[in-house]
Amino acid sequence: MRETTKRLLSIITSVLLALIGLFLFFGGAQLLLLGGSWFYVLTGCVLLAAAVLGLKQPGLASSLYAALLVVATIWALVETGFNIWGLEVRLMTLVGIGVWLLLPQVWRAHESWLADKKALLGAVGVSCLVLLISCFSSYSIDGTVPADRMAAQGQPESAAESMPDGDWQAYGRTAAGDRYSPLGQITPANVGRLKRAWLTRTGDVQQAGEGTVAGPDQGHEFNLEVTPIKVDNTLYMCTPHSWVIAMDAATGKVKWKFDPHPDTADLAKNVYLACRGVSYYRIPDEIQTSCRTRIYSPVADVRMVALDAETGKPCDDFGDHGFISLREYLGHVPHGFHFVTSPPLVAKNRLITGGWVFDNQANFEPSGAIRGFDATTGALAWAWDAGHTPETWKPNSDEVLTRDTPNAWGVYTADLNLGMVYIPTGNSPPDNWGGTRRPFDDATSSATIALDIVTGERRWTYQTVHHDLWDMDIPSGPSMVDLPGPNGETIPALVQSTKRGEFFVLDRRTGETVPGYPVEERPVPTAGVAPDDHASPTQPFPAAMPTLTPPNLKESDMWGATLLDQMLCRIEYRQSAYEGQFTPPHVGQTTVVYPAFYGVVDWQGITIDPQRKIMLANASYLPFRIRLDHRQKLEGNGTLPKWDGKGEEPAAKGDALSVSPDYGTPYIALTNPWLNPLQIPCKGPVWGTLSAIDLVTRKIVWQHPVGTTRDTGPFRTHNNIPLPTGMYNVGGNIVTRGGVVFMGATADDYLRAFDLATGNVLWTDRLPAGGQATPMSYEVGGKQYVLIAAGGHGGLGTRSGDYIIAYTLDGAQAGTAAQ
C-alpha cells in the first residue's frame, strides 16, 4: 500500500511538473524571441527533464531540480537584489515545489531519504535563507523633522480668512487648502488613547446596480469621498446621492437632512456617484437676505443648491427657490455628461465652480468653462471660457459656452487677500488623442490658472503638461504656503501637486517659479504618436523639488502571484510600446502608461504644515495600458454604434475606463489597469507611500509604505493576509499642530495616525467600510475630535457603507468626563 501511494504521488508530481514546464517553456521561448529573459525557457526545459527523470531516476531528478533552484536564486539576486517582493515572486513558486519534492513519498529510490534529497535540501535551505534575509530589507526613507522645526510656532493664515481654531470651514479647512489643524490636544504621546466618541450612519447606502464600473453600462461607482466641514457646533456634509446633512459636532446626532431628489435619468447615467463636500458662506451684512448663513452643495443632476445652515431649507432668494441649473449656457448636455463632485469655492459673494465632463466620449462635449455666480442670488456674474473672445464674459440665456474646452473638476483653492482663485484644469476631450485640439485648448490644459474671484479675469497660467495625451489633468487645487526668499523676504507661494508625482512651487501672485525651485524642460519620447496628432518634444520637470514619480519600468520590474503569471507580465511588457514616462499612445499597439491617470497623487492633493514648512503627500503606483484603434473597424462591424452628438449617447457606449468611444475622432481607445490573468498587478510593490517633504531644504524627510494587503487578493478577492506592501489609496491626509498626521485612504480600511517627526505609525482603527476620504479635525467643548467618512469606494473595491466616525482621547464626547 505504501509503495502504491509513493508511486501515485511521484506520477502526479511528474505530470504537474511537466505541465508547468510546458507552460514555462513555450512562454519563455516567446519571451526570449521578444528580447526578454532566458530564465523561463531554461526553467521549462529543466522541469520537463526532471518530470521524466523523476519516474526512473528520482535521485538525479532531485539533484537536477536542486541545481535549478540554485541558479534561480542567483538569477533572482542579480535581477532584484535583496528585495523581498522581487525575490518572492521569483523564488516562492520554485521553493514550494522543492518543499513538495522533499516529502519522503515523492521521488524516492533509496531507503535513506537523505540519499536522494541531500542536494535538494541544501538548495531549498539556501533559497529560504535568501528569502529570510530579504525580509529585513527596508523600503523606507528614514529621517526626522528637526526638533526646532517641530517646535515652530504658528504663522498668520495669510492666504485665507481667519476662523476659530476649532472650526474646519472649508474642504481643506481654509480656502488656502493646507489641511492643517491648529489644534494641539492630541499629540504623539497620547494619540494611543484615541477612541471612538460617536458613530453616525447617514442612511444613504449603495443601491442595486451601483458599486464598481465593471464594463459598458454595468454599474456606477458609489464613493463616499466626503470631508465634512465644521462651523460653530455643527458638521455639514453631502452623500453620494446628493443628500445634505447637518450633525451635532459633539454627538453626531442629525440636526437636519435635505434630499434634493436628483433627476433619476442623470443618476442612471452618471459614472460616478460621489460628493466630496459642501461649502459654507455667510452673506455680508450689507446685502439684504433672509438666508444669511448658507451651505452650498452640488446635486448629481447638474444643479447647485443653497440651504439655510440653521434649518436645512432652500434659500428662497438663490436662483429658483434655492437651486440653480448648471446646464444653462452649455447647450446640449446628454445625461451623465456633466456633473459636479467637488464643493464650489465661495468667497467675496461669488460661488465659483466648473465640473466633471465625461472623459473620452467625444470631441464635441459640453464646455469646461469656469463660472462665477452671485452667491446671494445665484445669478451668473461671469464665465471664464478659454475659447471665447474675450475669455471672461457673461453670456445671454441663448448663448453657449465653447464646447469641448478643458474642464476643472477638482477642489479649487484661493488666496482671499490677493483675491485669486486657483483652478486645476484637465484636457479638452478626449484625453488620449489631441488631433483636433485648438490652440486655446493646448494653452490652458493640465494647468494651474489664477482667476480674479470677483471679475473672473485671468491673472496667470502655469502649465504642467504640454499637449497632454495621458489624462495627466491636475485633479486638485494647489496648497498655499509662505516660504523664505533668498534675501530674507517672505514669498507667498503655492505648491501644485500632479498625477505625475511632481510638485511645482510657484509665486501665487504671478505664477512664476519661486527662486530656488526651478523647472526644466526635458526631452521626452515622441516616436509612435498617432499620425494625425503630435507629441510635445519636451515636458516640464521641477528640478529642485523631490519627486514621487516612479522610475521607468524595466522587464525585471514585472510581478505576479507566481513565476507563471509574472512571465505573462514580462511578455506583455515586451509586446507593449514603452520608452518611459510620456510614451505617446500608439495606434494598433498597446502602450504602457506609467505614472498613470489614477495618480501618483490624485484628487486628494497635498497637506502643508504652515508652521514647520513640511509637505505631506500620499501616493499610489499602478501602471495602465492603452491602445488606440481605428474607429471604422468597430463601427463598420456594428460593435460600436455611430453618434453625432445629437440626443442621448447610444446605449452601447463605453464606460469611463475600458472602452473610450471618442466620437468625432478617427479612433477609439481601450484603457485598463495593467493586471495579469489572476488580477494581480504586473508592477510589484511598493504600491502606496506616505512622504514628508521639507519645503525649505527641498528634501524628503521620511517616506514609508502605507497600507497592507489585508483586504486584497487574487481575482479581487478579500483576504486577511496583511502583507506590508504599501497599498493603493484614494483620499488625503491632514496634519495638526500637535504633530500628528491622520490618514485613511488605503484599500485595507484603516484610519492611521502617524508621528509627523518620523512617519512612524502611532495608532490605528479598523473602519467598518473603506475610508476613501480625507479626514478632518475640530474642537467642541474643549475636546479635539478627529473625524472620517467611511463608506467605501467602488473603483478601489473597498467595503461600502454610510458611516461618519469621530474620535477623541478616551472616546469621550464634549461635556462628558474621560474614562
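**Aromatic contacts in the predicted model**

A pair of aromatic rings is described by the distance of the centres and the angle of the planes.

**The pair Phe39 and Trp75**
- The ring centres of Phe39 and Trp75 lie 3.8 Å apart with the planes at 5 degrees, and because planes under 30 degrees apart count as stacked, this pair is a stacked one.
- Phe39 belongs to helix 2 (residues 39–56) and Trp75 to helix 3 (residues 58–80), so that the pair, 36 residues apart, links distant parts of the chain.
- Phe39 has a relative accessible area of 0% and is buried, while Trp75, at 6% relative accessibility, also counts as buried.

**The pair Phe258 and Phe323**
- With ring centres 6.2 Å apart and planes at 40 degrees, Phe258 and Phe323 form a tilted pair.
- This pair, too, links distant parts of the chain, since Phe258 lies in strand 8 (residues 254–258) and Phe323 in strand 13 (residues 323–325), 65 residues apart.

**A cluster of rings**
- Tyr272, Phe337, Phe339, Trp356, Phe358, Phe364, Trp643 and Tyr663 are joined into a cluster by ring pairs.

**Charges over rings**
- Trp75 also has the charged end of Arg90 over its ring, at 5.6 Å from the centre.
- Arg766 is placed over the face of Tyr750, 5.5 Å from the ring centre.

Technical notes. Residues are numbered from 1 along each chain as its sequence is written. This is a predicted model: local features need pLDDT of at least 70, side-chain atom pairs count only at pLDDT 80 or more; totals for chains, interfaces and linings use all residues. Side-chain values use heavy atoms; hydrogens and water are left out. Rings of Phe, Tyr and Trp (its six-membered ring) pair if their centres lie within 6.5 Å; planes under 30 degrees apart count as stacked, over 60 as edge-to-face and the rest as tilted. Helices (H or I, at least four residues) and strands (E, at least two) are DSSP runs, numbered from the N terminus. Buried means under 20% relative accessible area, exposed over 50%, partly exposed in between (1.4 Å probe, protein chains only). A charge sits over a ring if NZ of Lys or CZ of Arg is within 6 Å of the ring centre and within 35 degrees of the ring normal.
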